Amino acid sequence: MPMPLTESTLRTTLANQNYWPAVAARMLAEKKFSVVVELCKEHLADSPDLLSGRILYARALCEAGQMDLAIEQ
């Protein structure tokens with residue numbers, strides 16, 4: 001019987017396939033905020049309209065205490 005698909009298993013599956021928003025979400029869950037900020041900055045340069053990336057970027061900035069930058073996102 002296949003494993004039920006939860007948000008956590010989906011995130012893990014996508015992160016294992018190097019889908020960068022899933023990797024960033026996993027790093028955010030692990031409280032690696034500076035890693036998420038750098039990952040998002042790098043990839044959003046190529047995909048600036050990716051909403052999930054913008055949200056992850058803003059959350060990481062907020063958690064890192066950079067509220068002004070987070071609000072801009």
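1. Read along the sequence, the chain follows the pattern α-α-α-α-α, and its secondary structure comes to five helices and zero strands. Helices here are DSSP runs of H or I of at least four residues and strands are runs of E of at least two, numbered from the N terminus. The C-alpha trace spans about 50 × 25 × 15 Å along its principal axes.

2. The model is predicted: local features need pLDDT of at least 70, side-chain atom pairs count only at pLDDT 80 or more, and totals for chains, interfaces and linings use all residues. Residues are numbered from 1 along each chain as its sequence is written, and side-chain values use heavy atoms, with hydrogens and water left out.

3. Of the 73 residues in the chain, 32% are buried. Buried means under 20% relative accessible area, exposed means over 50%, and partly exposed lies in between, for a 1.4 Å probe and protein chains only. Among the contacts with a separation of 6 or more, 28% join residues 24 or more positions apart; a contact means heavy atoms within 4.5 Å.

4. Helix 2 is mostly covered, with eight of its 10 residues buried. The buried residues are Trp20, Pro21, Ala22, Val23, Ala24, Ala25, Met27 and Leu28.

5. The largest nonpolar core has 19 residues. A nonpolar core is a set of buried Ala, Val, Leu, Ile, Met, Phe, Trp, Tyr and Cys residues joined through side-chain atoms within 4.5 Å. Helix 2 (20-29), helix 3 and helix 4 each supply at least two residues of this core, and the largest share, seven residues, comes from helix 2. The residues with the most contacts inside the core are Ala24, Leu28, Val36, Cys40, Leu56 and Tyr57. Ala24 touches Val36, Leu39, Cys40 and Leu56, not counting residues up to four places away in sequence. In soluble globular proteins, nonpolar side chains tend to be buried together.

6. The packing of helix 3 against helix 4 deserves a separate point. Two packed helices are described by the angle between their axes and the distance between the axes. The axes of helix 3 and helix 4 (residues 51-63) come within 9 Å and cross at roughly 145°. Axes are lines fitted to C-alpha atoms, for helices over the stretch in contact, and angles run from 0 to 180 degrees between N-to-C directions. The crossing of these two helices is left-handed, a term for a near helix turned anticlockwise from the far one by less than a right angle.

7. Across this pair, Phe33, Val36, Val37, Cys40, Lys41 and Leu44 in helix 3 meet Gly53, Arg54, Leu56, Tyr57, Ala60, Leu61 and Glu63 in helix 4. By class, the contact of helix 3 with helix 4 has nine nonpolar, one polar and three charged residues. In this scheme Ala, Val, Leu, Ile, Met, Phe, Trp, Tyr, Cys and Pro count as nonpolar, Asp, Glu, Lys and Arg as charged, and the others, Gly among them, as polar.

8. The structure holds two salt bridges, each defined as a side-chain nitrogen of Lys or Arg within 4 Å of a carboxyl oxygen of Asp or Glu. Glu30 and Lys32 meet in a salt bridge at 3.2 Å, N to O. Glu30 is partly exposed at 40% relative accessible area, and Lys32 is partly exposed at 39%.

9. Lys41 forms a salt bridge with Glu38, the closest N and O atoms being 3.5 Å apart. Both residues lie in helix 3 (residues 33-44), three residues apart, about one turn of the helix. Lys41 is partly exposed at 42% relative accessible area, as is Glu38 at 46%.

10. Lys31 lies in the loop between helix 2 and helix 3. Although Lys31 is not a glycine, its phi is positive, at about 60°. Most residues other than glycine have a negative phi. Lys31 is exposed, with a relative accessible area of 62%.

11. Met67 is partly exposed at 42% relative accessibility and touches Leu61 and Cys62, not counting residues up to four places away in sequence. The C-alpha atoms of Met67 and Ala25, 42 residues apart along the chain, are separated by 19 Å. Glu72, also in helix 5, is exposed at 61% relative accessible area. The C-alpha atoms of Glu72 and Ala58, 14 residues apart along the chain, are separated by 8.1 Å.
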